[in-house]
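Could you walk me through this protein, from its overall build to the way its parts touch?

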Amino acid sequence: PPAGFELLYQPDVVRLYLSILTESQNFNTLEAAAGALQNLSAGNWTWSTYIRATVRKERGLPVLVELLQSDSDKVVRAVSIALRNLSMDRRNKDLIGSYAMGELVRNLPSRQQRSAKNLEEDTVVAVLNTIHEIITDSSENARSLIQTQGIQKLVAISKSSQSPRETKAASHILQMIWSYKELRNALQKDGWNKSHFQVRV
């Protein structure tokens, strides 16, 4: 039987956090529950690998994706980081790339405004880092990013953001996308060229 810290890594605990994320209306509670899953799924050791698979099997990914629509900056940040950690699992990465990309891109600022929610720098960087993890080693997820009109926002951030951290994170995503040679024709048809994808940091 599990004992000590192992008690944190049981399916019942994952179900408990997912239940809180599904039912709570309190932003602080939602942030804390997402943060707990974020911590449990971090790193490369056996237990975190187990947690990443358990969240998928317990149908937790759609719960987290839906919370990307939250009006709370801190909830969006905690959920984004949790999704980034969960996407270290290959099956999770494929699912998150298919179903979360649109919501992640919607949380990015556009040329006209920060974003509909006016998210803080730390949150925008967290969203960008999550997108980067999702498209790493996955040209299919990079294709999803292109289809959700994400390139326009990323180029705008890399060129005009006042935050060096946002600029760096967006530039790294653009560089990764251009590295997928099979996507270049589609990008060029949309009017993009190599100069849009060169790192500016």
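This is a predicted model: local features need pLDDT of at least 70, side-chain atom pairs count only at pLDDT 80 or more; totals for chains, interfaces and linings use all residues.

Residues are numbered from 1 along each chain as its sequence is written, and side-chain values use heavy atoms, with hydrogens and water left out.

**Overall build**

The protein has 12 helices and 0 strands; helices (H or I, at least four residues) and strands (E, at least two) are DSSP runs, numbered from the N terminus. Along the principal axes, the C-alpha atoms fill a box of roughly 55 × 35 × 25 Å. The radius of gyration is 17 Å, which agrees with the value near 17 Å for a compact globule of 201 residues. That radius is taken over C-alpha atoms, and the globule rule is 2.2 Å times the number of residues to the power 0.38.

**Where the domains meet**

The domain assignment gives domain 1 (1-88) and domain 2 (115-200), with bounds from an automatic or database domain assignment. Their centres, taken over C-alpha atoms, are 26 Å apart. In contact (heavy atoms within 4.5 Å) are 13 residues of domain 1 and 11 residues of domain 2.

The two domains bury about 960 Å² between them, with carbon and sulfur atoms giving 56%. Asp73, Arg77 and Arg84 supply 52% of the area that domain 1 buries against domain 2, more than any other three residues. Buried area here is the accessible area (1.4 Å probe) that two parts lose on being put together, summed over both.

**Salt bridges**

Side chains of opposite charge can pair when their charged atoms come close. A salt bridge is counted when a side-chain nitrogen of Lys or Arg lies within 4 Å of a carboxyl oxygen of Asp or Glu. The structure holds 11 salt bridges, and the count between domain 1 and domain 2 is 1. Two of the structure's salt bridges are listed here:

| Salt bridge | N to O distance |
|---|---|
| Glutamate 120 and arginine 77 | 3.0 Å |
| Aspartate 12 and arginine 15 | 2.5 Å |

Aspartate 12 and arginine 15 both belong to helix H1 (residues 11-23), where they sit 3 residues apart, about one turn of the helix.
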